[in-house]
Amino acid sequence: MGEQVMEQEKKISIFGAIKNAVRLIYQADKRFVWFSIYKNTTEGIFNALKAIYLIKFIYECIQNGVDFEKLFWMVSVFCIIHIIIHLTSAYHSYCLKISEMKVYRYIFSGIIEKAKKIPVSQYENPKFYDKFSRALDQQMLRGIWGMIFATLGIGDICGGLVAVFMLANVDVVLILFAILPVLGSLYLGLRESREEFMARQDETFGNRKMEYAKRVFYEKKYASELRLYQMAKVMFRVHKEGYTERYEKNRVHYRKIGLYRILETMLFVGLVTLGSYLYIAYRLKVAGSTAVAAYIAMIAAVGYVVNSVNGAIENFSQSGKRCMYMQYITEFMECEEEKEEDFEEKGQELPVEKSTEKRTDDMSAAKAGADAGNILPVGDIRFESVSYHYAGSERLILDHLNLHVKQGEHVALVGENGAGKTTFVKLLMGLYPLSEGKINVGGKNIKSYPPEAYHDFFGTVFQDFQIFSLPLCENVWMRTPESEKEREKITEALKKAQFAEVLQKMPSGIDTYLTKEFEENGFVCSGGEAQKIAIARVFAKDPEIVILDEPSSALDPISEYHMYQNMMEASKGKTVFFISHRMSSARLADRILFLENGTIVEDGSHDELMRKNGRYAEMFRMQAKNYQDSH
Amino acid sequence: MKMKDINKKETKKEKISVFRILSNYAYLLRYAGKKDALLIYGIFFSFLVGGVGYACMDTVFLRAFINYLSGDAYSFRETAVLIVTATTLMAVLMSITRCAESFTRPRMIRLVGMMQEEMIHKVVDMDLMYYDCDSYYDDFVVTASQLEEMVEMAVYDLGRMGSNVMTVLVLSGLITTINPVIVIFPVLGFLINLFSRFRIIKLEYDYYVKRETLMRRADYSKRVFYQPEYAKEIKLSHIEIPLEKQFHAAIDETIEIGKYYGVRISLWSVVNWVTVFTILSGFCVPLYLGYLALVRRSIGLGEVAALDNAQGTVRNRLDSVNYCVDRIQRAGLFCEKFRIFMDYESRIEHKRGECEIPRQREVLRLRDISFRYDGAKHDTLKHISMEIRPGEKVALVGENGAGKSTLVKLLMRLYDVTDGSIEYGGRDIKAYDTDAYREVFGSVFQDYQIYAASLEENVLMDELEAVPVNAGQETEEIHFNDGDVDAGKNEPETAGQKKVIAALCKGGFFKRLQTLPAGLSTPLTREFMENGVNLSGGETQKVAISRVFAKNPQIAILDEPSSALDPRAEYELNHNIMKYLSDTSVIFISHRLSTTKDADRIYMFEKGEIVEDGTHEELMALNGKYAEMFELQAKYYKENEEILLL
């Protein structure tokens, strides 16, 4: 794992990352980038002048015993410029607070745009998670600091150049004493930051172990099991392995870093201090120069050049560190496009215009498109030799599946765990790209629909539905209700989903905020309540095709009964697919598909399949046995 | 320490005295010192030495050098000797500090790791009720996540502080020997800085706190768009619209706050910079030195250079001291939490009891127990009495939220009852060692978890070495549910492995085990192993169930053990439970009444109370709640009857 990540990382040089990040920020807030460059270069140049030119001036005044007044004016001029510099700097820190938000907003819009386009299968790929989700979880604002550090580095270089120029003015030979350590620092500094980068990379694995173990101990969901079993011991071991590994890996790298630093110090003291002092002593004592003040001031200048370069290196490496994180964001926004291309382009071939305004517009546009091409209703679904396997895996989850479902049919998908039921519905909804075959919905290949409009055909409750930290009404409507009518619809949907009783107890009705994430008195749902909200979404959306993936697993029998009753009633005339492990619910369907190893092995109504006495009948009886014996 | 005490302390957080902060700080350092004293002393030493080195470089040495050069009193040779001696000394002193940070870093990582290790040990020792406490997350998760940063800060900053103080002392000595007046400027600058910085820090802190709250909202909206679990909903709905709205509202507000605080912070910064850096350091000092040298003619060029550098360095170092004090304060505040946490004593976990736990199976009896969660307004359980005899199969049924899951947690002493008592073998369970008492139980919790460890460990739920390998014990034959499969690569090597394989078979996992690349040692989850296996919902549940079979406890508690299983797997599981846990007392919680029908006794729960109890036949005859629920479920399973379709 560690190695792989490293390989990917190596492809981007630090400067490449800085370039990308600065470009991103430039797109978000041009003025702030220019302002940062201006502020940091003027500051760099002024500081160099103040540290070298002014000091040289003061020393010369004292050596030559000039008028105090002359000194006074020079110092005053510098102080006035200094105040202007301070004002600029303060204004910059003010602007930063606003610019940070602008940049964040810009990145956020990019993420959303992208997230809508990336296929779901991509999200479920563990590499995607490793690479992006972890990175995107990081502070978004590192990039702006990366840019600031980069401009600080530029300022340092400017300051260094000023210092070199002044050295040349006094004695060209002195530049030698600055150039050599600078070259040394450059070389060692690069080695050092590379080493540091490798240390970071090498310890990610150990770090992850530590973080994971910590999480296991702090999260409540693990607490009971840890107390009943001895699993804590294993987790202690994982944690210890984590930090021991980090220690070992870091030790190797930091030994080298330490050596580089000693070398750097030696180079600095040896050449800058020892060399230049000896040279100056020689010039003044042996060669007979009398410019003591100028030469003394130049000692500071030699140091200034070296420090500027070191500062620039440090600033660029700080910048690089921050921009590396941004790299993932840039990648997230760019590289995924290819995989989507296929899907996108075909969508655009369609005469249907992609409307982004309102869902209803979208729907009617798509419907119009569908109607124009074919008279078949949307609920008419045809699978033609559909296969699916996960990327990099040979095993077919769905194996050349053929199926025709007519508008208004209620279809139950039944089968053992892993038979391909969930994959079936995900393919139908266009969440996964097909490996083979095609699916026609309303007589048209699903690839020919604009994805957004296509997704609008469906109302779905997933096994792993999510509750959002938003008001209840938005959690049901999945957008902001805009009229009283819409709000009524939401209440109605919640009632149908058996949520009425809970709703009455809620302080602000459907405006009650869910989860305690942001609101102290937010409402925290139990598993059953959350499921009811998820079901209410389908009622509220009133979609063309309803898909229920084990919607009742967290409900008690009474709630389950009512839920199905309402659901079936509300979706009369609509095509419904549902997956349930409770055979009693499957029985409610017009048609039952029994899946095994990615194919349909039995297909028919409950009665037909019971008569057939095959796999379905066996499974049904197995579950029914206990209920039937009692009478 | 009780939770309430901690809560009280928390609210007082703002008022922690300086003394307490210092004492906390010392506590943290002592704690670190106990783990790796050499590291701590090493860091302090190198920083102190470095402080002296830097102090001398641009002042004492520079002054001597200028004086050597200025007059004709010294020859080139003498000057060269001075230069060589001084630079050698500098090089040594500076190298020590330069490399100290690199050499100590890995040891620091280990030190923090060791401290964290003690912390997580402490976490498992905490009573479960702690997790229900709201401030728990805020406090202790933060403590854990900041430990690394804080320990580093505490140690390095004290070193830096020592180094700075050292430099200031050396230079003040130098300045005083030449002209004491010069000291006034950096000290005055330091005081002004201290005052204005205090204001700025306060403003920045307020800004930060407000901004964090808003940013959490923005971050949440952002997170939804790349976390895999949300991906499907994002695709299929328009939930991005309200999320976007929430995001933009948060950003707008943050900008407003940024403007408000930005103006104030910038103004104070300008006041600070102009007075300290421009007026005092940039204007007064050079002019005063110029006045002394040019008008009064009391000092020479060497003194001017040395004094100018010295006062600049003193000011910088005092600044750093100021900065360090701020950070030390933060570390001290942080440590308050760390300290309370480390001093915490549990009431349930690892409690020693006065009695030995009985070896044979015993009766578990609940005498009129009630339970209320800390801070809750109502009892979750009210006056529950029941008796579970060895080998008995008991079912707890009822609607969501009726208190069933809470009850089983009480049985395992994860919480203590509020009223009444639980007895095992005729004694109150508080009389036993908590650890020994819990050994009696094997359990599948409703929210069972898979751990990032090998499959074998996930079933044993223990370190592998810790399992005694007594081959004689496990004599029963392994029954492979899937017919004549070849054990192949899963040929058990140790008695422990044999036990695990047997348990996995009983849990219905054997077929999947066959497909796992590394058999029992397959790492689970991709948490940190690239080749880790992520199990599906049903598979996960099967592993969780296997744990109970592997532990072979005296009392098994199964909370909705088949919720994620398909009908066949559920059927087989029920079969296996009856077959292999025949001597074990089993407590089931289930919604599916078919699975609980054969229980020796069924308890129907409603709102924390037992409303009906008896065998299935008795309850059906009673024709109450249970019968209603059962009929409702059974209805659709009656093969030959017409269903009244809705």
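Start with a pair of helices in chain A: α8(A) and α10(A) lie roughly antiparallel to each other, because their axes cross at roughly 170° and any angle over 145 degrees counts as roughly antiparallel. Keep in mind as you go that this is a predicted model.

To see the pair, select residues 173-218 of chain A for helix α8 and residues 231-286 of chain A for helix α10. Look along the two axes and you will find that they come within 8 Å. Now colour the contact of α8(A) with α10(A) by residue type: 26 of its residues are nonpolar, 10 are polar and 13 are charged.

Next, move to chain B and show it as a cartoon. How many helices and strands does chain B have? The secondary structure of chain B comes to 20 helices and 10 strands.

Now colour chain B by domain. Select 1-178 together with 332-346 for domain 1 of chain B, then 180-298 for domain 2 of chain B. Taken over C-alpha atoms, the centres of these two domains are 25 Å apart.

For a last stop, colour chain B by burial: 46% of its 646 residues count as buried. If you draw the contacts in chain B between residues at least 6 apart in sequence, 78% of them join residues at least 24 apart.

How values were computed
Residues numbered from 1 in each chain as written. Chains lettered and ligands numbered in written order. Predicted model: local features only at pLDDT ≥ 70, side-chain atom pairs only at ≥ 80, totals over all residues. Axes fitted to C-alpha atoms, helices over the stretch in contact; angles between N-to-C directions. Helix = DSSP H or I, 4+ residues; strand = E, 2+ residues; numbered from the N terminus. Parallel < 35°, antiparallel > 145°, perpendicular 65-115°, else oblique. Nonpolar A, V, L, I, M, F, W, Y, C, P; charged D, E, K, R; others polar. Domains from an automatic or database assignment. Buried ≥ 20, exposed ≤ 12 C-beta atoms within 10 Å, placed from the backbone. Contact = placed C-beta atoms within 7 Å.
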